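I opened my notebook for a first look around this structure. Come along and check each entry as we go.

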Amino acid sequence: MLVFIAFFITLLFYACFSYIFTDKNLVLTSHPLYWETQTYLWQNLSGNAVLLCVVLVLIITILCICYFFLLKKLKKNSQNFWLYLAIISPLFFSYNALSHDIFNYLFNAKMVLVYQQNPHLVSALEFADIDTWVRFMHNVHTAAPYGYGWTALSLIPSTLGFGKFTLTLLSFRVFTLFGLAFLYYSLQHLSTTLNKRRLHQHELALVFLNPLFLIEIISNYHNDIWMMAPAVLSISILLRTFTANLPRKNQVTHFSIAVLFLLVSISIKLVTVVLVPFFAVAGMVLFFLPNNRWSRYLAVIPTHFISKIQEKVFTTLPTLLVIAFFLPLLTLRSQQFLPWYLIWSLVWLPFVKNTTVKNTILIFSVTSLFRYVPWIYNSFEYSSAVLSQQKMITWSIPLLYLALKVSSKKNTYVQKI
């Protein structure tokens with residue numbers, strides 16, 4: 001119970017702390033109590049980079065410690081996971097302290113609904129003189145970097161905002177909750193496909209209580225959850241094509257639906273094209289081999305041997321997916337590991353059997369949050385020194401962990417000899 005309370009209080013403190021980072025020209029509400037508090041935060045705390053860094057380090061440290069304790073606690077009892085999920089509620093009222101991407105989401109949707117312009121062809125800078133929402137954006141010089149699918153989805157919460165900035169912002173927060181529900185459903189769907197059961201509480205907690213996930217998805221509004229939910233569901237439906245002993249016609253239908261969900265995911269963010277090779281192999285097995293001249297030789301393979309191969313593939317697949325989604329983080333396009341991109345790998349952890357892979361991603365989820373410290377200390381400006389510090393923070397501990405694992409295995413092997 002103490003860990004439960006500590007996690008909740010720390011998130012509540014973070015929610016309050018986040019308003020220190022509110023843009024100086026952004027007035028969320030004119031209510032006197034809010035305005036007095038916001039003014040005090042701006043005047044007394046926002047300029048103290050050392051204090052901000054110290055507080056953020058303490059918050060992240062406490063959250064991560066509580067997170068790992070909660071994972072152990074959830075393994076040992078049968079309490080409802082949703083009771084634990086209630087502790088994230090303070091983040092629903094937090095400010096997007098560490099990212100300005102939500103402002104791009106808001107204005108790109110407004111360009112469609114109000115100005116009848118295509119945000120993928122027109123930049124926000126062209127509206128700087130006529131629309132105050134542009135003031136809160138950081139990336140105004142380029143067109144929307146996201147897919148058309150995300151632009152279409154973002155019209156839903158934007159419409160419910162009725163043209164009011166704060167109400168639209170709240171609409172996107174509520175929309176994120178639906179994204180959480182969608183991801184939850186997709187993960188459970190995949191679990192019933194892979195494990196023939198629903199996910200246990202501690203398995204769900206690996207994702208839904210992870211501090212990186214909570215801060216980047218809920219507090220910072222990142223849209224990656226809307227990319228990964230259909231991607232997870234597409235993999236689950238694809239696997240069911242081979243597990244349900246379906247008639248040929250139904251196999252084709254399942255495969256087509258899986259491809260459809262994959263295309264939806266790709267239309268939101270292009271990164272899920274990493275799943276295309278998996279679909280290509282599955283399509284070849286499904287459509288090419290049965291019609292190939294070698295099919296008659298494959299027919300003599302014992303059924304139990306095929307079942308073992310299928311079981312091995314299903315066991316290994318989550319680890320391959322973690323690695324496949326981790327590789328794009330190393331590219332220039334992702335600026336060498338933007339923290340929220342790790343969510344692409346994180347969502348598969350409930351299914352990963354390899355302890356080393358699972359622990360490595362969890363360690364990265366901790367060190368990635370600390371990347372923000374040198375950026376804040378440098379007055380929210382990027383420089384070559386800041387980027388070098390971020391890389392060192394992100395990679396040093398995971399690499400040390402992997403080195404120790406390799407060394408341990410070598411010593412074990414030598415002892416056996």
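**Notebook: rings, helices and a hidden stretch**

I began with two tyrosines: both Tyr105 and Tyr146 are buried (buried is under 20% relative accessible area, exposed over 50%, partly exposed in between, with a 1.4 Å probe and protein chains only). I kept in mind that this is a predicted model, where local features need pLDDT of at least 70, side-chain atom pairs count only at pLDDT 80 or more, and totals for chains, interfaces and linings use all residues. Residues are numbered from 1 along each chain as its sequence is written, and side-chain values use heavy atoms, leaving out hydrogens and water.

**Entry: aromatic pairs**

I searched the whole structure and found 31 aromatic pairs. Rings of Phe, Tyr and Trp (its six-membered ring) pair if their centres lie within 6.5 Å; planes under 30 degrees apart are stacked, over 60 edge-to-face and the rest tilted.

Tyr105 belongs to helix 5 (residues 101-113) and Tyr146 to the loop between helix 5 and helix 6 (148-160), so the pair ties together parts 41 residues apart in sequence. Helices here are DSSP runs (H or I, at least four residues), numbered from the N terminus.

Next I looked up Phe326 and Trp395, which are also edge-to-face, at 6.1 Å centre to centre and 80° between the planes. This pair links distant parts of the chain, 69 residues apart: Phe326 is in helix 14 (residues 303-326) and Trp395 in helix 18 (residues 384-416). Phe326 counts as buried because its relative accessibility is 13%, while Trp395, at 23%, counts as partly exposed.

I also noted one aromatic cluster formed by Tyr14, Phe17, Phe21, Tyr372, Trp375, Phe380 and Tyr382.

**Entry: helix 5 against helix 6**

How do helix 5 and helix 6 pack? I found an angle of about 90°, with the axes 9 Å apart (axes are lines fitted to C-alpha atoms over the stretch in contact, and angles run from 0 to 180 degrees between N-to-C directions). The two helices are therefore roughly perpendicular, a label for angles of 65 to 115 degrees; under 35 is roughly parallel, over 145 roughly antiparallel and the rest oblique.

In helix 5, the residues meeting helix 6 include Tyr105 and Lys110; contact means heavy atoms within 4.5 Å.

**Entry: an enclosed helix**

Last, I checked helix 8 (residues 201-208): eight of its eight residues are buried, so the rest of the structure largely encloses it. Among them are His202, Glu203 and Phe208.
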